[in-house]
Amino acid sequence: MKKININNDWYFTKDDIENQPTWTKISLPHTWNNIDGQDGGSDYYRSVCHYRKSLRISDISGALYLEFEGANSVSTVYFNGILLGTHKGGYSKFRFDISGLALIGENHILVSVDNSHHEEVFPLMADFTFYGGLYRDVFLIQTNTIAFYLMDEASDGVYVFQDDVTSQYTRFRVKSMIFNRDISQTVDVLIRLNDAKSKTVLSDLRQLPVKGLNISEVSLVLENPHLWQGIDDPYLYTLTVSLIKNNMILDSREIAIGFRKLLKTENGLFLNGKKIRLNGVSRHQDIQGYGNCLTKSMMEEDIKQISKLGANAIRLAHYQHHDYFYELCDRYGFMVWAEIPFISRGSKTDTLGLNAHQQLKELILQNMNHSSIVIWGIQNEITAFGKNDGVENVVISLVNLAKTLDQNRLTVQAQLARQPIIDSIHTHTDLLGYNLYFGWYMGKVEDFDSWLSHYEHTKPNELLAISEYGVEAIVEYHSDQPQMQDYTEEYQAIWHEKSYSIFSKYDFIWGTFVWNMYDFASDFRESGEFKGKNFKGLVTFDHKVLKDAYYFYQAKWLKTPMLHITSKRFKYRHQRDIILKVYSNQHNIQVSHNGVSISQIFKDDVVFTAPIHLELGKNEIIVKANGLVESVEWITVDQPVLQYTYQKQNTVNNVFGINPSDWIDTVSNEDALENIKPDYFSIYDTIHEVINHPEAKQVFNQYFHSMDEKTTLANIRSMSIKMITSYNSKLLPKALMVALNKALQKIKK
């Protein structure tokens, strides 16, 4: 198989191609939302755009394919004016067979890519930007007439199933799909397994008559395998599967394979017989200014940062990520939770979840051979609007599909915080996670303890992951008295210290996944005084600045020595009496202030503190531990620095155009928003449903008369008022929500 990258010399337009459009020359990867999808306002461009390219082909013998590694989200492809087909789904690879259509010389490709809302294409709504474009590489593939089959959901046609893995032996199957376009022939299928030193440790050779599509399945046993033990020992063999005819290799696949087994028991998870707890982070695939157009070097930098954090697992949310990133996880030893974008709500038109099934099939078949992937994710917060549109039945059928395609991996789902602990939907996957945000959207961080205690009492001996947890921090914001939703770096750090210490108390927790490793774009958001971003990352959106909370987890998880002084960016200090805080995985630290040693130092796990009285002017703090040295300079000032504080606005006009000061918020709890009559409208119904009903729309417009229907509604109409405010509880006064809900509850659907 020969893959030729054809990223260069494309032309792009947003215009209607029927009306003499203006084309701009570009190179791939490309997105049209790398700027407007990150600047807030919920108004990024979501529509059909077009790409065209002239492709010169000099050899049309054998078979030819066009491969798209990712295009968001509905892509229609034409080749030499002939419709090849439409692919629905923005995160998986797809191919078209152009054998017989290609010409020697100039050929023409036209791709129409649409990232607007399609009710039958997931995700339908989510807290991230749906970047449009051909944002991953495009290839021309050429093969012999006899080759591994490339049209099984754009997989490479060879699958490795790890059926039984022990320290004494590994039994695995190699399934090869072989396609012969020519007359019936006999070929040799050679399987060779080499160790990390390139020594052949296992081989198999057999003949196979082939005509049309053929399947070869070989079961092999490796004695005394060197197992893939996560980040501790990510040992990889190289499996080569070749098709040979007359001593000539017709096609070949080289697969890096690590033998491992993740087993669930009532006592927890075991990787190759060793109990393990997944200390994980979640990751989105976008970067500031680039959108989702990531280069290999960017992905390499990401994996290095996560490795230096000390994590052993990554939740790659909420969609299929680039194949190269899974490859990096194989090499670095990260255990991966890979999932599909079946998120937030089901489809009103695709109640069987056919598109979710298609995306799950692509995810599994395209990534079957990545040893790092140990869990298939089925859904995330799919009951955000209740069990509507048959979502539980879709979950059941997705699990069945996953088990049919791959019997050797576990399945998992992530539930919304308000989903009842006892619910039938939990029972369908092998593992369960809850997305919990106490101390940010609700309650206080200490509520994790009571919730987990209640879970343990309600469901004894059942495992649970904290599949998302985090708070937003903007590195420009600082405070000596950090508080909930002040967006300070200090509050994020304290919050993670407290939440993680609570999680550590409970043995039934099989994994925790920080939300998120990186800040990411969500164009309808407004966080602090910044628009278009979710700032829950441990690292900033440019993937360059490590927040203090990053170093807390490094102190908890990293095995090599580390030392970090917190609040370094809080340079100008108004308060003279402060508490120095240091993260370190060392037993002791030494502190000096302007050359004077500080003796009063307190240690709580990996957190060291010391009271400091700052002198007027400059203050140099030096901290040492086991050969490590950290320093910071703080300067005292007469007045607090306003730039360090989120200045809450009197109006919230980015989305709703209302003035909160017009509402005296006397509602003290959520009771007034519960006990909803389902046959009547409420704030739990989508804006689209409300404004499509004349009487309900009239009520809606009484409260949000300034709302820009052309822009805002186009992007958030699939969300409910309740869902929108769950992302920012300060967005609307509760009194307004209660009044609106009361009025809507009088209108029958």
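How many salt bridges does the structure hold?

1. The structure holds 41 salt bridges, a salt bridge being a side-chain nitrogen of Lys or Arg within 4 Å of a carboxyl oxygen of Asp or Glu. The model is predicted, so that local features need pLDDT of at least 70 and side-chain atom pairs count only at pLDDT 80 or more, while totals for chains, interfaces and linings use all residues. Residues are numbered from 1 along each chain as its sequence is written, and side-chain values use heavy atoms, with hydrogens and water left out.

2. One of the salt bridges joins E327 and R331, at 2.7 Å from N to O. Both residues belong to helix α2 (residues 323-332) and lie four residues apart, about one turn of the helix. Helices (H or I, at least four residues) and strands (E, at least two) are DSSP runs, numbered from the N terminus. E327 is partly exposed at 29% relative accessibility, and R331 is partly exposed at 41%. Here buried means under 20% relative accessible area, exposed over 50%, and partly exposed in between (1.4 Å probe, protein chains only).

3. D389 pairs with K348 in a salt bridge whose closest N and O atoms are 3.7 Å apart. This pair links distant parts of the chain, 41 residues apart: D389 is in the loop between β23 (373-380) and α4 (391-405), and K348 is in the loop between β22 (335-339) and α3 (354-367). D389 is partly exposed, at 24%, as is K348, at 39%.

4. Between K568 and E630, the closest N and O atoms of the salt bridge are 2.6 Å apart. K568 lies in the loop between β30 (563-565) and β31 (572-573), and E630 lies in strand β38 (residues 628-636), so the pair ties together parts 62 residues apart in sequence. K568 is partly exposed at 31%, whereas E630 is buried at 17%.

5. Salt bridges that share partners join K3, E67, R95 and D156 into one network.

6. Helix α1 (residues 296-309) packs with helix α7 (residues 548-557) at about 55 degrees, their axes being 8 Å apart. Axes are lines fitted to C-alpha atoms, for helices over the stretch in contact, and angles run from 0 to 180 degrees between N-to-C directions. The two helices are therefore oblique; angles under 35 degrees count as roughly parallel, over 145 as roughly antiparallel, 65 to 115 as roughly perpendicular and the rest as oblique. Q305, K308 and L309 of α1 meet Y550, Y553, Q554 and W557 of α7, contact meaning heavy atoms within 4.5 Å.
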